[in-house]
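Colleague: I'm new to this one, could you walk me through it once it's on screen?
Modeller: Gladly, let me bring it up.

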Amino acid sequence: MKFKLVSSFSPTGDQPQAIQKIVDRITNNEKNTTLKGVTGSGKTFTVANVLEQLQRPTLVLTHNKALGAQLYSEFKQFFPENAVEYFISYYDYYQPEAYLPTTGLYIEKDLSINKVIEKYRLSATSKLLSGRRDIIVVASVSCIFGLGNPDDFNQSVVSVSVSDQINKTILLQKLVQSMHTRSNIDFLPGTFRVLGDVIDIYPAYSDWAYKIHFFGDDIEEIESFHPETGEILETNPSIRIYPANMFVTTPERIDDVITEIENDLKKETQQFILNQQQDIALRLEERTKFDIEMLKELGYCSGIENYSRYFDRRKSGSRPFCLLDYFPHDYLMVIDESHATIPQVHAMFGGDRSRKENLVAYGFRLKAAMDNRPLKFEEFEALQQQVLYVSATPADFEIEKSGGHQVLQVLRPTGLLDPKIEVRPTTNQIDDLVEEIQLRVEANQRVLITTLTKRMAEELSKFLVRIQIKATYLHSEVDTLDRVDILQNLRTGDIDVIVGVNLLREGLDLPEVSLVIILDADKQGFLRSQRALIQTVGRAARHIDGKALFYADDMSDAMKATIDETNFRREAQKSYNKKHHITPQAIKKSLEHVISRKNQIDIDSQKKVDEIEQLKNENLSPSQIEKKIKQHTRLMNKASKELDFPEAARQRDYVEQLKNKLNKI
């Protein structure tokens with residue numbers, strides 16, 4: 001398929017010339033291009049138009065998960081018929097393994113994996129390896145961390161077709177090697193079950209499952225079905241089942257890896273003994289031999305990623321495989337909010353290396369653990385083909401990479417002006433900001449407040465709640481999907497105020513926000529730099545009554561530069577509006593969000609209501625009704641077991657409706 005952009009509006013203002021200039025540079029094989037576009041000028045829409053014209057697989061890289069979720073939702077709406085995927089860190093909580101020599105404290109790795117995000121990641125890698133060209137992957141900087149070898153991943157794909165001849169046992173072995181597990185009780189993503197001559201497979205990356213019917217060693221039929229209701233969706237001539245984990249290997253590979261680990265262990269322990277460090281040698285030997293025993297028995301061990309170099313067949317010091325290796329050679333990389341994303345990519349390698357050096361030096365890990373790492377920046381650049389940097393405030397790096405050339409997009413098609421900026425003293429600032437908030441709440445508008453610390457954000461939001469203002473905080477310790485729901489609740493009016501630190505800046509598209517409040521605006525540092533202030537003020541640029549309040553006792557250079565830049569943009573937009581007879585209009589944006597937990601619950605609830613309503617008009621035979629009764633009784637029991645009592649009650653009501661219908665026949 002080809003990219004097909006779906007939108008009710010066409011490029012206007014600066015967008016047509018920006019689209020054409022970007023397309024021209026990329027088709028002329030310019031490696032780097034910078035799009036400098038003011039907040040609210042429709043940069044994402046411009047990029048979507050560029051992708052439709054170029055028709056190339058694309059990686060959209062961003063620096064935080066909240067912005068990534070927003071971009072994923074927007075591209076999903078622009079390209080509903082194409083593959084738009086989401087690839088971010090799947091940890092809700094992650095405490096890396098570490099050793100602190102000064103205190104002698106060893107910190108064991110601790111983590112919590114978000115299954116929903118893991119499913120998105122597997123979907124992205126599977127679609128990339130399927131050879132689709134119409135694919136956009138929205139990713140965070142976690143995409144430069146190590147993944148499994150794409151060749152191993154591809155070789156572990158299980159392909160079956162109708163009329164194939166294959167022994168069931170051999171097929172089950174292939175599924176196990178692709179990291180699927182057998183489970184006849186809990187049929188969950190990444191599992192399979194055997195029911196007589198039928199094998200049911202629930203791919204880890206899919207919303208539906210497959211049913212393979214055997215007659216002896218012949219595959220008679222392949223059906224896709226809903227894993228919860230059992231409803232048959234369609235028949236398939238063939239299917240490809242991708243691995244349930246991005247780290248896959250074979251039993252033969254594990255034997256080779258164990259031999260290599262044992263050889264390296266012998267060399268490194270001998271070196272520690274020569275250096276009169278017998279205690280460190282003993283520690284390394286005990287820990288590594290334990291991992292080896294786990295690999296022999298289970299094919300897996302805790303911290304297996306520290307042995308990834310062996311499994312990937314890489315040389316010592318070589319870079320790990322990562323998501324960029326899964327893309328075809330002619331892919332396009334779009335780096336959103338590049339002024340913030342590029343420095344984050346720069347910082348990843350150094351922080352990881354300093355932690356690993358201590359683990360290796362004190363015998364907690366073999367030296368091979370050093371090769372389980374994020375990419376160095378030069379390795380990241382070597383994997384790029386062509387890059388489009390996108391930012392309202394591009395840094396010198398991006399401009400220099402683009403040969404000093406910038407594609408400008410400084411006008412808003414809506415005619416909206418940059419927010420007015422007002423500076424107020426810090427005396428009585430809390431009372432003053434409460435008054436401002438109440439004015440906005442009465443007008444059904446929203447407010448963002450930025451502080452300098454997480455503690456301040458939490459305390460201020462608690463204070464606002466105590467005085468009956470619907471407020472909450474948002475910072476890096478809030479779970480990924482919870483961040484999406486918080487921003488969604490702000491848009492719908494369930495929350496009127498969000499207090500944050502650094503997440504309420506780049507790229508967040510919140511048309512309902514009319515007021516941005518910046519506390520301690522005159523403080524020096526990253527959070528109050530000119531670039532940070534311009535980005536934060538921009539959050540109110542999508543509202544016709546947009547306004548920014550700086551609470552400060554001095555006028556910093558960053559504040560003055562921000563005010564000057566904003567005034568310049570306001571005048572430029574006024575001139576454009578006057579020349580083209582444009583009246584500023586508020587931005588209208590759908591409230592739907594494809595990965596919101598709240599929306600998914602609402603959708604699922606509506607499905608249950610629709611299901612019961614449909615039953616009244618459905619013409620079912622007694623045997624079909626009895627089959628449905630069994631299916632939904634099983635779902636009711638499952639929900640009850642998981643303490644999901646609202647779902648259990650809905651299934652109970654549906655079963656009662658089915659029984660009543662059966663009695664009337």
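**Strands and a helix**

Modeller: Ser224 stands opposite Glu234 in β15. This is a predicted model, in which local features need pLDDT of at least 70 and side-chain atom pairs count only at pLDDT 80 or more, while totals for chains, interfaces and linings use all residues. Residues are numbered from 1 along each chain as its sequence is written, and side-chain values use heavy atoms, with hydrogens and water left out.

Colleague: How do β14 and β15 pair?

Modeller: Strand β14, residues 218-225, pairs with β15 in the antiparallel sense over three bridges; strands count as paired if DSSP finds at least two bridges between them, and strands (E, at least two residues) and helices (H or I, at least four) are DSSP runs numbered from the N terminus.

Colleague: And which strands form the open sheet?

Modeller: Six strands form it, in the order β10-β11-β12-β13-β14-β15, with mixed pairing. The edge strands, each pairing on one side only, are β10 (181-182) and β15 (232-235).

Colleague: What stands opposite Ile239?

Modeller: Val160 stands opposite Ile239, and β9 (residues 158-161) pairs with β16 in the antiparallel sense over four bridges.

Colleague: What comes after helix α7?

Modeller: Gln276 follows α7, and its phi is positive, near 60°.
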